[in-house]
Amino acid sequence: MITVRDLSVTFEVGGRDIRAVQAVSFEVARGETFGIVGESGSGKSTVLKAIAGLVRSTSATLEVDGRAAARRRSRADRRMLQFVFQDPYGSLHPRKTIDDILREPLVIHREPDIDARVAAAIADVGLLPAHRFRYPHQLSGGQRQRVAIARALILSPPILLLDEPTSALDVSVQAEILNLLARLRQSYTLTSILVSHDLAVVAHLCDRIAIMRMGRLVEIVSADDLRTGRVTHDYSRQLLAASRGFVRQDA
Amino acid sequence: MTDPLLTVDNLEVTFPGRTGVTRAVRNASFTLGRERLGVVGESGSGKTTMGRALLGLLPHSATVTAKTLSYAGRDLLACSERDWQQLRGRRMSMVMQDPKYSLNPVRTVGQQIGETCRLHLGSDRRDARRRTLAMLEAVQIRDPELVHDLHPHQLSGGMGQRVMIAMMLIAEPDLLIADEPTSALDVTVQNEVLRILDDLVRKRGMGLIMISHNLTMVSSFCDRVLIMYGGRIVEECAARDLGNARHPYTRALVAATPSLDVRRAELATVVRDPEWLA
(Lines give C-alpha, C1' and ligand atoms only; values in the text may rest on other atoms or scores of the structure.)
Protein backbone atom coordinates (compact mmCIF):
# COMPACT_ATOMS: atom_id res chain seq x y z
CA MET A 1 0.00 0.00 0.00
CA ILE A 2 2.87 2.32 0.84
CA THR A 3 6.35 1.83 -0.58
CA VAL A 4 9.23 4.00 0.53
CA ARG A 5 12.70 3.51 -0.91
CA ASP A 6 15.75 5.64 -0.08
CA LEU A 7 13.73 8.47 1.36
CA SER A 8 15.81 11.47 2.43
CA VAL A 9 14.80 14.82 3.84
CA THR A 10 17.21 17.69 4.26
CA PHE A 11 16.37 20.94 6.02
CA GLU A 12 18.40 24.06 5.63
CA VAL A 13 18.88 25.73 9.00
CA GLY A 14 20.97 28.86 9.21
CA GLY A 15 22.89 28.04 6.02
CA ARG A 16 23.68 24.53 7.21
CA ASP A 17 22.08 21.39 5.86
CA ILE A 18 20.47 19.17 8.47
CA ARG A 19 19.91 15.67 7.14
CA ALA A 20 16.79 14.79 9.09
CA VAL A 21 16.05 11.56 7.24
CA GLN A 22 18.67 9.55 5.41
CA ALA A 23 17.96 6.70 2.97
CA VAL A 24 14.98 5.20 4.78
CA SER A 25 13.18 2.29 3.08
CA PHE A 26 10.16 0.24 4.11
CA GLU A 27 6.87 -1.10 2.84
CA VAL A 28 3.48 -1.15 4.48
CA ALA A 29 0.96 -3.78 3.35
CA ARG A 30 -2.74 -3.07 2.87
CA GLY A 31 -4.56 -3.19 6.21
CA GLU A 32 -1.33 -3.24 8.21
CA THR A 33 -0.54 -0.96 11.14
CA PHE A 34 3.12 -0.07 10.88
CA GLY A 35 4.95 1.57 13.78
CA ILE A 36 7.93 3.92 13.83
CA VAL A 37 9.70 4.52 17.15
CA GLY A 38 12.67 6.63 18.05
CA GLU A 39 13.77 9.40 20.36
CA SER A 40 13.45 13.11 19.72
CA GLY A 41 15.29 14.17 16.60
CA SER A 42 15.39 10.67 15.14
CA GLY A 43 13.39 11.81 12.10
CA LYS A 44 10.33 9.64 12.77
CA SER A 45 7.78 12.44 12.37
CA THR A 46 9.59 13.79 9.33
CA VAL A 47 9.17 10.44 7.56
CA LEU A 48 5.44 10.69 8.16
CA LYS A 49 5.31 14.25 6.88
CA ALA A 50 7.27 13.29 3.77
CA ILE A 51 4.74 10.54 2.99
CA ALA A 52 1.92 13.04 3.42
CA GLY A 53 3.74 15.54 1.18
CA LEU A 54 4.01 18.07 4.00
CA VAL A 55 7.79 18.39 3.63
CA ARG A 56 10.00 18.24 0.55
CA SER A 57 11.81 14.97 0.20
CA THR A 58 13.88 13.03 -2.28
CA SER A 59 13.51 9.33 -2.81
CA ALA A 60 14.06 6.54 -5.28
CA THR A 61 10.47 5.43 -4.80
CA LEU A 62 7.58 6.90 -2.84
CA GLU A 63 4.41 5.06 -3.80
CA VAL A 64 1.00 5.29 -2.26
CA ASP A 65 -1.48 2.65 -3.43
CA GLY A 66 0.68 1.75 -6.40
CA ARG A 67 0.98 5.33 -7.68
CA ALA A 68 4.08 7.45 -7.42
CA ALA A 69 3.47 10.37 -5.08
CA ALA A 70 4.08 13.59 -6.96
CA ARG A 71 5.73 16.60 -5.39
CA ARG A 72 2.51 18.52 -5.86
CA ARG A 73 -0.35 16.42 -4.58
CA SER A 74 -3.68 16.55 -6.37
CA ARG A 75 -6.94 16.67 -4.47
CA ALA A 76 -7.42 12.95 -5.20
CA ASP A 77 -3.95 12.21 -3.76
CA ARG A 78 -4.70 14.16 -0.64
CA ARG A 79 -7.87 12.32 0.21
CA MET A 80 -5.97 9.03 0.11
CA LEU A 81 -4.24 9.83 3.34
CA GLN A 82 -5.17 11.78 6.42
CA PHE A 83 -3.09 12.92 9.35
CA VAL A 84 -3.70 12.99 13.13
CA PHE A 85 -1.29 15.25 14.98
CA GLN A 86 0.19 15.01 18.45
CA ASP A 87 -1.31 18.01 20.14
CA PRO A 88 -5.12 18.05 20.30
CA TYR A 89 -4.85 21.55 21.77
CA GLY A 90 -3.02 22.98 18.77
CA SER A 91 -4.46 21.03 15.86
CA LEU A 92 -8.09 22.20 16.08
CA HIS A 93 -9.07 25.73 15.08
CA PRO A 94 -10.02 27.48 18.32
CA ARG A 95 -12.74 29.65 16.77
CA LYS A 96 -14.55 26.97 14.84
CA THR A 97 -17.12 24.61 16.29
CA ILE A 98 -16.68 20.85 16.06
CA ASP A 99 -19.35 20.94 13.34
CA ASP A 100 -17.30 23.45 11.27
CA ILE A 101 -14.13 21.44 11.79
CA LEU A 102 -15.67 18.16 10.61
CA ARG A 103 -17.60 19.80 7.77
CA GLU A 104 -14.55 21.40 6.18
CA PRO A 105 -12.96 18.30 4.55
CA LEU A 106 -16.36 17.32 3.09
CA VAL A 107 -16.87 20.78 1.63
CA ILE A 108 -13.36 20.88 0.16
CA HIS A 109 -13.82 17.50 -1.49
CA ARG A 110 -17.37 18.36 -2.65
CA GLU A 111 -19.03 15.50 -0.88
CA PRO A 112 -22.80 15.03 -0.61
CA ASP A 113 -24.80 14.37 2.59
CA ILE A 114 -22.67 16.59 4.74
CA ASP A 115 -25.03 16.87 7.71
CA ALA A 116 -25.61 13.17 8.07
CA ARG A 117 -21.94 12.35 7.70
CA VAL A 118 -20.85 14.82 10.34
CA ALA A 119 -23.38 13.32 12.74
CA ALA A 120 -22.20 9.80 11.89
CA ALA A 121 -18.52 10.73 12.35
CA ILE A 122 -19.25 12.20 15.78
CA ALA A 123 -21.03 9.01 16.88
CA ASP A 124 -18.31 6.85 15.37
CA VAL A 125 -15.55 8.19 17.61
CA GLY A 126 -17.69 7.96 20.73
CA LEU A 127 -18.68 11.62 21.09
CA LEU A 128 -22.21 12.77 21.85
CA PRO A 129 -24.50 14.78 19.54
CA ALA A 130 -24.32 17.53 22.17
CA HIS A 131 -20.61 17.99 21.39
CA ARG A 132 -21.30 18.98 17.79
CA PHE A 133 -21.80 22.69 18.28
CA ARG A 134 -19.20 23.21 20.96
CA TYR A 135 -15.79 24.83 20.54
CA PRO A 136 -12.54 22.91 21.10
CA HIS A 137 -11.84 24.69 24.42
CA GLN A 138 -15.09 23.29 25.79
CA LEU A 139 -13.83 19.73 25.33
CA SER A 140 -11.27 17.68 27.25
CA GLY A 141 -7.96 16.61 25.67
CA GLY A 142 -9.28 13.12 24.96
CA GLN A 143 -12.46 14.48 23.36
CA ARG A 144 -10.41 16.81 21.17
CA GLN A 145 -8.24 13.96 20.00
CA ARG A 146 -11.46 12.10 19.12
CA VAL A 147 -12.49 15.12 17.02
CA ALA A 148 -9.09 15.07 15.26
CA ILE A 149 -9.55 11.36 14.52
CA ALA A 150 -13.11 11.93 13.29
CA ARG A 151 -11.85 14.70 10.98
CA ALA A 152 -9.17 12.39 9.59
CA LEU A 153 -11.64 9.58 8.97
CA ILE A 154 -14.58 11.55 7.64
CA LEU A 155 -13.47 11.14 4.03
CA SER A 156 -13.00 7.37 4.60
CA PRO A 157 -9.34 7.53 3.53
CA PRO A 158 -7.60 4.19 3.00
CA ILE A 159 -4.51 5.45 4.85
CA LEU A 160 -4.24 7.07 8.27
CA LEU A 161 -1.00 8.68 9.50
CA LEU A 162 -0.79 9.07 13.28
CA ASP A 163 1.93 11.28 14.79
CA GLU A 164 2.13 10.65 18.57
CA PRO A 165 -1.67 10.61 18.86
CA THR A 166 -1.73 9.88 22.59
CA SER A 167 1.40 11.39 24.08
CA ALA A 168 -0.36 14.54 25.31
CA LEU A 169 -3.00 12.47 27.13
CA ASP A 170 -3.38 10.83 30.54
CA VAL A 171 -3.00 7.03 30.73
CA SER A 172 -6.73 6.39 31.14
CA VAL A 173 -7.57 8.63 28.16
CA GLN A 174 -4.73 7.12 26.14
CA ALA A 175 -6.27 3.67 26.70
CA GLU A 176 -9.62 4.92 25.34
CA ILE A 177 -8.01 6.44 22.23
CA LEU A 178 -5.88 3.34 21.55
CA ASN A 179 -8.97 1.14 21.86
CA LEU A 180 -10.84 3.49 19.53
CA LEU A 181 -8.04 3.28 16.94
CA ALA A 182 -8.00 -0.52 17.21
CA ARG A 183 -11.76 -0.68 16.68
CA LEU A 184 -11.80 1.79 13.75
CA ARG A 185 -8.97 -0.05 12.05
CA GLN A 186 -11.13 -3.16 11.92
CA SER A 187 -14.32 -1.53 10.72
CA TYR A 188 -12.59 0.55 8.00
CA THR A 189 -9.73 -1.77 6.85
CA LEU A 190 -7.31 1.04 7.40
CA THR A 191 -3.65 1.01 6.53
CA SER A 192 -1.91 3.14 9.10
CA ILE A 193 1.48 4.32 10.26
CA LEU A 194 1.83 5.17 13.94
CA VAL A 195 4.77 7.26 15.10
CA SER A 196 5.56 7.33 18.82
CA HIS A 197 8.39 7.56 21.30
CA ASP A 198 6.59 5.05 23.52
CA LEU A 199 7.58 1.47 22.66
CA ALA A 200 4.73 -0.02 24.67
CA VAL A 201 2.13 2.01 22.75
CA VAL A 202 3.60 1.03 19.38
CA ALA A 203 3.95 -2.64 20.34
CA HIS A 204 0.34 -2.62 21.51
CA LEU A 205 -1.09 -1.39 18.21
CA CYS A 206 1.37 -2.38 15.49
CA ASP A 207 2.39 -5.59 13.74
CA ARG A 208 5.81 -4.45 12.55
CA ILE A 209 7.93 -1.69 14.01
CA ALA A 210 10.77 0.37 12.55
CA ILE A 211 13.33 1.71 15.01
CA MET A 212 14.90 4.99 13.95
CA ARG A 213 17.93 6.86 15.22
CA MET A 214 19.49 10.09 13.98
CA GLY A 215 17.65 10.05 10.68
CA ARG A 216 18.41 6.44 9.86
CA LEU A 217 16.34 3.32 10.11
CA VAL A 218 18.14 0.98 12.50
CA GLU A 219 16.00 -2.10 11.95
CA ILE A 220 12.46 -3.37 11.43
CA VAL A 221 11.17 -5.93 13.93
CA SER A 222 7.84 -7.60 14.65
CA ALA A 223 5.93 -6.61 17.78
CA ASP A 224 6.50 -10.08 19.22
CA ASP A 225 10.24 -9.87 18.63
CA LEU A 226 10.26 -6.50 20.36
CA ARG A 227 8.44 -7.94 23.38
CA THR A 228 10.76 -10.91 23.68
CA GLY A 229 13.85 -8.79 23.06
CA ARG A 230 14.79 -10.43 19.73
CA VAL A 231 16.43 -7.35 18.27
CA THR A 232 19.76 -7.32 16.51
CA HIS A 233 21.15 -3.82 17.02
CA ASP A 234 22.72 -2.47 20.19
CA TYR A 235 20.70 0.71 20.00
CA SER A 236 17.41 -1.23 19.84
CA ARG A 237 18.49 -3.20 22.88
CA GLN A 238 19.33 0.02 24.76
CA LEU A 239 16.03 1.60 23.86
CA LEU A 240 14.14 -1.51 24.89
CA ALA A 241 15.97 -1.78 28.21
CA ALA A 242 15.38 1.91 28.97
CA SER A 243 11.67 1.55 28.17
CA ARG A 244 11.25 -1.23 30.69
CA GLY A 245 12.07 1.17 33.49
CA PHE A 246 14.89 1.96 35.84
CA VAL A 247 17.23 -0.78 37.03
CA ARG A 248 18.21 -0.27 40.65
CA GLN A 249 21.72 -1.15 41.66
CA ASP A 250 20.98 -2.16 45.23
CA ALA A 251 18.11 -4.48 44.34
CA MET B 1 12.52 4.77 59.22
CA THR B 2 13.32 6.05 62.69
CA ASP B 3 12.82 9.80 62.52
CA PRO B 4 10.69 10.91 59.60
CA LEU B 5 12.08 13.81 57.62
CA LEU B 6 8.65 15.02 56.77
CA THR B 7 5.36 14.40 58.55
CA VAL B 8 2.12 15.31 56.84
CA ASP B 9 -1.14 14.74 58.67
CA ASN B 10 -4.49 15.72 57.24
CA LEU B 11 -3.20 18.25 54.70
CA GLU B 12 -5.92 20.25 52.94
CA VAL B 13 -5.41 22.79 50.14
CA THR B 14 -8.33 24.84 48.89
CA PHE B 15 -8.65 27.52 46.24
CA PRO B 16 -11.53 29.98 46.16
CA GLY B 17 -13.50 29.87 42.92
CA ARG B 18 -16.58 31.40 41.34
CA THR B 19 -18.71 28.45 42.39
CA GLY B 20 -17.35 27.93 45.88
CA VAL B 21 -14.04 26.52 47.05
CA THR B 22 -12.10 23.89 45.10
CA ARG B 23 -10.54 21.32 47.37
CA ALA B 24 -7.36 20.52 45.46
CA VAL B 25 -5.82 18.33 48.18
CA ARG B 26 -8.03 16.57 50.71
CA ASN B 27 -7.03 14.87 53.92
CA ALA B 28 -3.58 13.83 52.74
CA SER B 29 -1.40 12.10 55.33
CA PHE B 30 1.99 10.47 54.95
CA THR B 31 5.52 10.48 56.30
CA LEU B 32 8.79 10.56 54.42
CA GLY B 33 12.09 9.13 55.60
CA ARG B 34 15.38 9.02 53.73
CA GLU B 35 13.81 7.18 50.83
CA ARG B 36 12.28 7.52 47.39
CA LEU B 37 8.57 8.17 47.59
CA GLY B 38 6.57 8.24 44.37
CA VAL B 39 3.39 10.26 43.97
CA VAL B 40 1.37 9.20 40.92
CA GLY B 41 -1.93 10.38 39.53
CA GLU B 42 -3.47 11.84 36.40
CA SER B 43 -3.74 15.53 35.54
CA GLY B 44 -5.78 17.38 38.11
CA SER B 45 -5.29 14.81 40.85
CA GLY B 46 -3.55 17.35 43.08
CA LYS B 47 -0.06 15.84 43.04
CA THR B 48 1.78 19.01 42.00
CA THR B 49 -0.34 21.17 44.33
CA MET B 50 0.59 18.88 47.21
CA GLY B 51 4.29 19.11 46.31
CA ARG B 52 4.13 22.89 46.18
CA ALA B 53 2.26 23.07 49.48
CA LEU B 54 5.12 21.19 51.17
CA LEU B 55 7.51 23.94 50.06
CA GLY B 56 5.18 26.85 50.74
CA LEU B 57 5.15 27.68 47.04
CA LEU B 58 1.41 28.02 46.48
CA PRO B 59 -0.10 31.38 45.47
CA HIS B 60 -1.59 33.57 48.20
CA SER B 61 -5.12 32.67 47.10
CA ALA B 62 -4.59 29.09 48.32
CA THR B 63 -5.50 28.08 51.86
CA VAL B 64 -3.29 25.39 53.37
CA THR B 65 -4.34 23.66 56.58
CA ALA B 66 -3.11 20.51 58.32
CA LYS B 67 -3.10 18.81 61.67
CA THR B 68 0.64 18.40 61.33
CA LEU B 69 2.99 19.61 58.62
CA SER B 70 6.49 19.34 59.94
CA TYR B 71 9.93 19.03 58.45
CA ALA B 72 12.67 17.60 60.69
CA GLY B 73 10.64 18.53 63.75
CA ARG B 74 9.91 22.06 62.53
CA ASP B 75 6.32 23.27 62.08
CA LEU B 76 6.03 24.43 58.47
CA LEU B 77 2.60 26.01 58.99
CA ALA B 78 4.09 28.52 61.41
CA CYS B 79 6.89 29.55 59.06
CA SER B 80 7.18 33.21 58.10
CA GLU B 81 8.34 34.19 54.62
CA ARG B 82 11.80 34.74 56.09
CA ASP B 83 11.83 31.28 57.67
CA TRP B 84 10.83 29.80 54.32
CA GLN B 85 13.69 31.53 52.58
CA GLN B 86 16.10 29.86 54.93
CA LEU B 87 14.52 26.45 54.41
CA ARG B 88 13.90 26.54 50.68
CA GLY B 89 16.96 25.95 48.59
CA ARG B 90 19.12 25.12 51.60
CA ARG B 91 17.19 22.33 53.32
CA MET B 92 14.50 21.42 50.82
CA SER B 93 14.04 22.18 47.16
CA MET B 94 12.02 21.31 44.10
CA VAL B 95 12.97 20.34 40.57
CA MET B 96 10.30 21.64 38.22
CA GLN B 97 8.97 19.83 35.20
CA ASP B 98 10.14 21.99 32.37
CA PRO B 99 13.66 23.46 32.23
CA LYS B 100 12.60 25.74 29.37
CA TYR B 101 10.24 27.70 31.63
CA SER B 102 11.98 27.32 34.94
CA LEU B 103 15.45 28.64 34.13
CA ASN B 104 16.06 32.35 33.75
CA PRO B 105 16.56 32.86 30.01
CA VAL B 106 18.80 35.93 30.29
CA ARG B 107 21.34 34.61 32.79
CA THR B 108 24.01 32.01 32.19
CA VAL B 109 23.92 28.59 33.81
CA GLY B 110 26.88 29.53 36.01
CA GLN B 111 25.26 32.75 37.26
CA GLN B 112 22.05 30.92 38.19
CA ILE B 113 23.69 28.05 40.03
CA GLY B 114 26.29 30.33 41.60
CA GLU B 115 23.56 32.54 43.04
CA THR B 116 22.37 29.63 45.20
CA CYS B 117 25.92 29.16 46.55
CA ARG B 118 26.28 32.82 47.40
CA LEU B 119 22.86 33.10 49.06
CA HIS B 120 22.82 29.88 51.01
CA LEU B 121 26.46 28.92 51.49
CA GLY B 122 27.97 32.40 51.69
CA SER B 123 30.38 31.58 48.87
CA ASP B 124 32.45 34.26 47.15
CA ARG B 125 32.64 34.33 43.37
CA ARG B 126 35.59 32.04 43.07
CA ASP B 127 34.15 29.48 45.47
CA ALA B 128 30.75 29.63 43.74
CA ARG B 129 32.41 28.93 40.42
CA ARG B 130 34.37 26.03 41.82
CA ARG B 131 31.30 24.47 43.44
CA THR B 132 29.18 25.05 40.33
CA LEU B 133 31.70 23.32 38.08
CA ALA B 134 31.95 20.39 40.49
CA MET B 135 28.18 20.07 40.65
CA LEU B 136 27.79 20.22 36.85
CA GLU B 137 30.30 17.42 36.67
CA ALA B 138 28.38 15.47 39.31
CA VAL B 139 25.24 15.57 37.17
CA GLN B 140 27.31 14.19 34.31
CA ILE B 141 27.64 17.20 32.09
CA ARG B 142 30.62 16.38 29.96
CA ASP B 143 32.14 19.84 29.57
CA PRO B 144 31.28 21.84 32.73
CA GLU B 145 33.54 24.80 31.76
CA LEU B 146 31.61 25.25 28.51
CA VAL B 147 28.13 24.75 29.98
CA HIS B 148 28.89 27.13 32.85
CA ASP B 149 28.87 30.07 30.43
CA LEU B 150 25.94 29.01 28.25
CA HIS B 151 22.44 30.48 28.34
CA PRO B 152 19.45 28.14 28.85
CA HIS B 153 18.32 28.29 25.20
CA GLN B 154 21.66 26.80 24.16
CA LEU B 155 20.98 23.62 26.15
CA SER B 156 19.14 20.49 25.03
CA GLY B 157 16.22 19.22 27.13
CA GLY B 158 18.32 16.65 28.94
CA MET B 159 21.10 19.14 29.69
CA GLY B 160 18.57 21.73 30.91
CA GLN B 161 17.04 19.19 33.28
CA ARG B 162 20.50 18.30 34.62
CA VAL B 163 21.27 21.98 35.14
CA MET B 164 18.04 22.32 37.14
CA ILE B 165 18.97 19.32 39.25
CA ALA B 166 22.46 20.73 39.80
CA MET B 167 20.96 24.04 40.91
CA MET B 168 18.62 22.35 43.37
CA LEU B 169 21.29 20.08 44.78
CA ILE B 170 24.20 22.44 45.14
CA ALA B 171 23.12 23.54 48.62
CA GLU B 172 22.81 19.85 49.56
CA PRO B 173 19.19 19.79 50.71
CA ASP B 174 17.87 16.88 52.80
CA LEU B 175 14.59 16.83 50.93
CA LEU B 176 14.10 17.08 47.18
CA ILE B 177 10.71 17.23 45.52
CA ALA B 178 11.00 16.36 41.85
CA ASP B 179 7.91 17.24 39.81
CA GLU B 180 7.92 15.17 36.61
CA PRO B 181 11.69 15.64 36.32
CA THR B 182 12.02 13.30 33.37
CA SER B 183 8.76 13.49 31.45
CA ALA B 184 10.16 15.93 28.87
CA LEU B 185 13.15 13.65 28.25
CA ASP B 186 13.86 10.71 25.98
CA VAL B 187 13.84 7.34 27.75
CA THR B 188 17.59 6.78 27.53
CA VAL B 189 18.29 10.26 28.96
CA GLN B 190 15.54 9.75 31.53
CA ASN B 191 17.39 6.80 33.04
CA GLU B 192 20.64 8.79 33.27
CA VAL B 193 18.84 11.51 35.24
CA LEU B 194 17.26 8.88 37.50
CA ARG B 195 20.69 7.36 38.08
CA ILE B 196 21.92 10.74 39.38
CA LEU B 197 18.95 11.08 41.76
CA ASP B 198 19.37 7.45 42.85
CA ASP B 199 23.04 8.09 43.76
CA LEU B 200 22.07 11.12 45.83
CA VAL B 201 19.49 9.22 47.83
CA ARG B 202 21.87 6.36 48.51
CA LYS B 203 25.06 8.32 49.15
CA ARG B 204 23.77 11.44 50.86
CA GLY B 205 20.70 9.94 52.49
CA MET B 206 18.45 12.52 50.90
CA GLY B 207 14.65 12.14 51.02
CA LEU B 208 13.10 12.28 47.56
CA ILE B 209 9.50 12.80 46.53
CA MET B 210 9.03 11.88 42.88
CA ILE B 211 5.85 13.28 41.36
CA SER B 212 4.96 11.59 38.08
CA HIS B 213 2.24 10.19 35.89
CA ASN B 214 4.56 7.46 34.60
CA LEU B 215 3.72 4.19 36.37
CA THR B 216 6.54 2.19 34.79
CA MET B 217 9.14 4.71 35.92
CA VAL B 218 7.77 5.13 39.45
CA SER B 219 7.34 1.41 40.10
CA SER B 220 10.90 0.68 38.98
CA PHE B 221 12.55 3.66 40.68
CA CYS B 222 10.78 4.37 43.98
CA ASP B 223 10.53 2.53 47.29
CA ARG B 224 6.95 3.46 48.14
CA VAL B 225 4.16 4.98 46.08
CA LEU B 226 1.17 7.17 46.92
CA ILE B 227 -1.64 7.10 44.38
CA MET B 228 -3.70 10.27 44.14
CA TYR B 229 -7.17 10.68 42.71
CA GLY B 230 -9.37 13.77 42.98
CA GLY B 231 -7.08 15.38 45.57
CA ARG B 232 -7.00 12.32 47.82
CA ILE B 233 -4.36 9.73 48.50
CA VAL B 234 -6.41 6.67 47.62
CA GLU B 235 -3.69 4.12 48.19
CA GLU B 236 -0.19 3.71 49.54
CA CYS B 237 1.87 0.67 48.63
CA ALA B 238 5.39 -0.61 48.09
CA ALA B 239 6.49 0.34 44.58
CA ARG B 240 7.16 -3.24 43.56
CA ASP B 241 3.63 -4.22 44.59
CA LEU B 242 1.98 -1.68 42.28
CA GLY B 243 0.94 -4.56 40.05
CA ASN B 244 -1.03 -6.09 42.94
CA ALA B 245 -2.58 -2.86 44.17
CA ARG B 246 -5.86 -3.04 46.06
CA HIS B 247 -7.67 0.19 45.21
CA PRO B 248 -9.82 -0.16 42.07
CA TYR B 249 -8.44 3.13 40.66
CA THR B 250 -4.83 1.96 40.98
CA ARG B 251 -5.71 -1.37 39.43
CA ALA B 252 -7.51 0.39 36.58
CA LEU B 253 -4.51 2.66 35.92
CA VAL B 254 -2.16 -0.31 35.79
CA ALA B 255 -4.52 -2.19 33.46
CA ALA B 256 -4.89 0.86 31.17
CA THR B 257 -1.12 1.17 30.65
CA PRO B 258 0.14 -0.59 27.52
CA SER B 259 2.82 -3.06 28.48
CA LEU B 260 5.87 -4.42 26.68
CA ASP B 261 5.51 -7.69 28.55
CA VAL B 262 1.93 -8.78 27.97
CA ARG B 263 -0.03 -8.54 24.78
CA ARG B 264 -3.58 -7.41 25.38
CA ALA B 265 -6.20 -7.29 22.64
CA GLU B 266 -7.84 -4.32 24.31
CA LEU B 267 -6.75 -2.01 27.11
CA ALA B 268 -8.95 -1.75 30.16
CA THR B 269 -10.54 1.67 30.52
CA VAL B 270 -10.99 3.42 33.82
CA VAL B 271 -14.60 3.36 34.98
CA ARG B 272 -14.77 6.02 37.68
CA ASP B 273 -16.78 5.26 40.78
CA PRO B 274 -18.23 8.29 42.62
CA GLU B 275 -17.57 6.29 45.79
CA TRP B 276 -13.85 7.03 45.40
CA LEU B 277 -14.55 10.69 46.07
CA ALA B 278 -16.88 10.08 49.00
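This is a predicted model: local features need pLDDT of at least 70, side-chain atom pairs count only at pLDDT 80 or more; totals for chains, interfaces and linings use all residues.

Colleague: Then which hand does the crossing of H9(A) and H8(B) have?

Modeller: H9 of chain A and helix H8 (residues 187-204) of chain B pack with their axes 8 Å apart, at an angle of about 55 degrees. That angle makes H9(A) oblique to H8(B). As for the hand, H9(A) passes H8(B) in a crossing that is left-handed.

Colleague: How many charged residues does the contact of H9(A) with H8(B) have?

Modeller: From H9(A) come A:Gln238, A:Leu239, A:Ala242 and A:Ser243, and they meet B:Val187, B:Thr188 and B:Asn191 in H8(B). Sorted by class, that contact has 3 nonpolar residues and 4 polar ones, and the number of charged residues is none: no charged residues.

Colleague: Stepping back to the whole contact between the chains, which element gives the largest share of the side of chain A that touches chain B?

Modeller: The contact takes 26 residues from chain A and 28 residues from chain B. On the chain A side, the elements giving two or more residues are helix H6 (171-188), helix H7 (199-205) and helix H9 (234-243). By class, that side divides into 11 nonpolar, 8 polar and 7 charged residues. The largest share, 7 residues, comes from H6(A).

Colleague: Now inside chain A: how do H3(A) and H4(A) lie, and what is the hand of their crossing?

Modeller: The axes of helix H3 (residues 98-108) and helix H4 (residues 114-124) of chain A come within 10 Å and cross at roughly 120 degrees. Angles of 65 to 115 degrees would count as roughly perpendicular and those over 145 as roughly antiparallel, so H3(A) is oblique to H4(A). Their crossing is right-handed.

Colleague: Which residues of H4(A) are met by H3(A) there?

Modeller: The residues of this contact divide into 5 nonpolar, no polar and 3 charged. H3(A) brings A:Asp99, A:Leu102, A:Arg103 and A:Leu106, and in H4(A) they meet A:Ile114, A:Arg117, A:Val118 and A:Ala121.

Colleague: Which residues in H3(A) are buried, and what covers them?

Modeller: To count as buried, a residue needs 20 or more other C-beta atoms within 10 Å of its own. In H3(A), A:Ile98, A:Ile101, A:Leu102, A:Arg103 and A:Pro105 are buried. Just after this helix, A:Arg110 takes a positive phi of about 50 degrees. What covers the buried residues of H3(A) includes H4 and helix H5 (141-153) of chain A.

Colleague: What is the radius of gyration of chain A?

Modeller: Chain A has 9 helices and 10 strands. The globule rule gives 18 Å for 251 residues, and the value for chain A is close to that, so chain A is as compact as a globular protein of that length: its radius of gyration is 19 Å.

Colleague: And for chain B, what share of its residues is buried?

Modeller: Chain B has 10 helices and 11 strands. Its radius of gyration is 19 Å, close to the 19 Å from the globule rule, so chain B is as compact as a globular protein of 278 residues. Along its principal axes the C-alpha trace spans about 60 × 50 × 45 Å. The buried share of chain B is 42%.

Definitions and conventions:
Residues are numbered from 1 along each chain as its sequence is written. Chains are lettered from A and ligands numbered from 1 in the order in which they are written. Axes are lines fitted to C-alpha atoms, for helices over the stretch in contact, and angles run from 0 to 180 degrees between N-to-C directions. Helices (H or I, at least four residues) and strands (E, at least two) are DSSP runs, numbered from the N terminus. Angles under 35 degrees count as roughly parallel, over 145 as roughly antiparallel, 65 to 115 as roughly perpendicular and the rest as oblique. A crossing is left-handed if the near helix is turned anticlockwise from the far one by less than a right angle, and right-handed if clockwise. Two residues are in contact if their C-beta atoms, placed from the backbone, lie within 7 Å. Ala, Val, Leu, Ile, Met, Phe, Trp, Tyr, Cys and Pro count as nonpolar, Asp, Glu, Lys and Arg as charged, and the others, Gly among them, as polar. The radius of gyration is taken over C-alpha atoms; the globule rule is 2.2 Å times the number of residues to the power 0.38. A residue is buried if 20 or more other C-beta atoms lie within 10 Å of its own, exposed if 12 or fewer, and partly exposed in between; C-beta atoms are placed from the backbone.
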